[in-house]
Amino acid sequence: MASALLINDGALTQTHAGIQRLINLNYVKKGILTKDDSKLINKLFSMRQQGDYGDIFAYEKDEIYETLALTNDLLNKLRSLIKV
C-alpha cells in the first residue's frame with residue numbers, strides 16, 4: 001500500500017529501501033504520516049524479510065495482535081491519502 005501511495009503521487013522506486021526513504025521524505029517530514037507510521041512500515045518490512053528468508057523466527061501472540069491493529073490503522077490512513 002505504501003508503494004501504491006508513492007505511485008499515485010508520481011514517485012517511483014524499485015526497492016523496499018527506496019519506498020522507506022521516499023515515505024520518510026515525502027510524507028513523514030511533511031507531517032502527513034507520523035514517525036510511528038514510518039517505524040511500523042520498517043517493522044513490517046523486517047517481519048516480511050524474516051518470514052521469507054529467515055531460518056527461525058518467533059513472535060509473541062500479543063505482539064502479532066498489536067501489530068495487526070496498528071497495520072489496519074495505517075492501511076486506512078494510506079487509503080485515505082490515495083487519490084482515485
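Me: How far apart are the mean positions of the positive and negative charges of the chain?
Reply: This structure is a predicted model, and every value here is computed from it. The chain carries 11 positive and 10 negative charges.

Me: In what order do the elements of the chain run from the N terminus on?
Reply: The chain contains four helices and zero strands. Read from the N terminus on, its elements therefore follow one another as α-α-α-α.

Me: What box do the C-alpha atoms of the chain fill?
Reply: The box is taken along the principal axes of the chain. Its dimensions are roughly 40 × 25 × 25 Å.

Me: What share of the accessible surface of the chain belongs to carbon and sulfur atoms?
Reply: The accessible surface of the chain comes to about 6100 Å². Buried residues make up 26% of the 84 residues. Of the accessible surface, the share that belongs to carbon and sulfur atoms is 55%.

Me: Against which helices do the buried residues of helix 2 pack?
Reply: Helix 2 spans residues 16-28, and its buried residues are Gly 18, Ile 19, Gln 20, Leu 22, Ile 23, Tyr 27 and Val 28. These buried residues pack against two elements, namely helix 1 (2-8) and helix 3.

Me: Is Leu 22 buried or exposed?
Reply: Leu 22 lies in helix 2. Leaving aside residues up to four places away in sequence, Leu 22 touches Leu 6, Ala 11, Leu 12, Thr 13 and Tyr 27. The relative accessible area of Leu 22 is 12%. Because this value is under 20%, Leu 22 is classed as buried.

Me: How far apart in space are Leu 22 and Ser 3, C-alpha to C-alpha?
Reply: Along the sequence, Leu 22 and Ser 3 are 19 residues apart. In space, the C-alpha atoms of this pair are separated by 9.5 Å.

Me: Which residues does Gln 20 touch, not counting residues up to four places away in sequence?
Reply: Gln 20 is found in helix 2. Its relative accessible area is 17%, so Gln 20 counts as buried. Beyond the excluded neighbours, the residues that Gln 20 touches are Ile 41, Asn 42 and Phe 45.

Me: With which side chain does the side chain of Ser 38 make a polar contact?
Reply: Ser 38 is found in helix 3 (residues 35-53), and at 8% relative accessibility it counts as buried. Not counting residues up to four places away in sequence, Ser 38 touches Asn 24 and Val 28. The polar contact, at 2.5 Å, is with the side chain of Asn 24.

Me: How far apart in space are Ser 38 and Tyr 27, C-alpha to C-alpha?
Reply: In sequence, Ser 38 and Tyr 27 are eleven residues apart. Their C-alpha atoms are separated in space by 9.2 Å.

Me: Is Tyr 53 buried or exposed?
Reply: Tyr 53 is found in helix 3. The C-alpha atoms of Tyr 53 and Ile 64, eleven residues apart along the chain, are separated by 19 Å. The relative accessible area of Tyr 53 is 62%. Because this value is over 50%, Tyr 53 is classed as exposed.

Definitions and conventions
Residues numbered from 1 in each chain as written. Predicted model: local features only at pLDDT ≥ 70, side-chain atom pairs only at ≥ 80, totals over all residues. Heavy atoms only, no water. Buried < 20%, exposed > 50% of the residue type's maximum accessible area, 1.4 Å probe, protein only. Polar contact = N/O pair within 3.5 Å; in protein donor to acceptor, adjacent residues only side chain to side chain. Contact = heavy atoms within 4.5 Å. Areas by Shrake-Rupley, 256 points an atom, 1.4 Å probe, with all protein chains shown as cover. Lys, Arg positive; Asp, Glu negative; His and termini not counted. Charge placed at Lys NZ, Arg CZ, Asp CG, Glu CD.
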